[in-house]
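User: Could you take a close look at the side-chain contacts here, and then at how the strands pair up? I'd like one connected walk-through that I can follow on screen.

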Amino acid sequence: WRPTAVGQLPGERLRLGCPSKMSQRAHRQARKPQKQIDLEEAPAPKRNYINMDEKMLGEAFSIAQEAYMQRTRGELSHWQDVAKKIKLAFDEKFKGTKTWNCVVGNHFGSFVSFNTEEIAYFHVAEMGVMLWKHA
């Protein structure tokens, strides 16, 4: 006795699992292009703690959204790469005697010293971003 699926014809073989002989990893990679989203569709940042000039904050939001979309498309493979991109962009854009620091990830906690009006902690979808300048 063999169980039959609804709508299965007598003598027809019951297929379980993947429809082809591709591995699960290959199926995930085949689906990746479907996840691609244009930059215009990047999630809006959610403010958690902001003490930053609006010009700098707007720049931080746009760089973080761009980096998030690059991570979604697979161009950046780790959160570390996203943090490096944001930090280097801020070091270049807002030059000074001090450098910027950036932490990016899903779940993290921190206790940092920072300059007045030079810290931002926000989320772009599930990606948390903390950007600050230390004296």
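Analyst: Happy to! One definition first: a residue is called buried under 20% relative accessible area, exposed over 50% and partly exposed in between, with a 1.4 Å probe and protein chains only. This is a predicted model, in which local features need pLDDT of at least 70 and side-chain atom pairs count only at pLDDT 80 or more, while totals for chains, interfaces and linings use all residues. Residues are numbered from 1 along each chain as its sequence is written, and side-chain values use heavy atoms, leaving out hydrogens and water.

Let's begin with the salt bridges (a side-chain nitrogen of Lys or Arg within 4 Å of a carboxyl oxygen of Asp or Glu). By this rule there are five of them. One of these joins Lys85 to Glu66, with 3.5 Å between the closest N and O atoms. Lys85 belongs to helix H3 (residues 79-93) and Glu66 to helix H2 (residues 54-73), so this contact ties together parts that are 19 residues apart in sequence. Helices (H or I, at least four residues) and strands (E, at least two) are DSSP runs, numbered from the N terminus. Lys85 is partly exposed, at 25% relative accessible area, and Glu66 is partly exposed too, at 33%.

Elsewhere, Glu54 bridges to Arg47 at 3.9 Å between the closest N and O atoms. Here Glu54 is exposed, at 52%, whereas Arg47 counts as partly exposed, at 48%.

A charge also meets a ring: the charged end of Arg71 sits over the ring of Trp79, 4.2 Å from its centre. That label requires NZ of Lys or CZ of Arg within 6 Å of the ring centre and within 35 degrees of the ring normal.

Now for rings with rings. Rings of Phe, Tyr and Trp (its six-membered ring) pair if their centres lie within 6.5 Å; planes under 30 degrees apart count as stacked, over 60 as edge-to-face and the rest as tilted. The structure has four aromatic pairs. In one of them, Phe90 and Phe94 are tilted, with centres 5.0 Å apart and 45° between the planes. Phe90 and Phe94 are both buried. Another pair, Phe108 with Tyr121, is edge-to-face, at 6.0 Å centre to centre and 70° between the planes. This pair links distant parts of the chain, 13 residues apart: Phe108 is in the loop between strand S2 (100-105) and strand S3 (118-124), and Tyr121 is in S3. Both partners are partly exposed, Phe108 at 27% and Tyr121 at 23%. Returning to Phe90 and Phe94, these two form one aromatic cluster with Trp100.

Six of its seven residues are buried, so S3 is largely enclosed by the rest of the structure. S3 runs antiparallel to strand S1 (residues 45-52), joined by seven bridges; strands pair if DSSP finds at least two bridges between them. Pro45, for example, has Val124 of S3 as its bridge partner. S3 also pairs with strand S4 (residues 127-133), again antiparallel, over six bridges, and Ala120 has Leu131 of S4 as its bridge partner. The S3 and S4 hairpin has two residues between the strands, and Ala125 takes a positive phi near 60° there.
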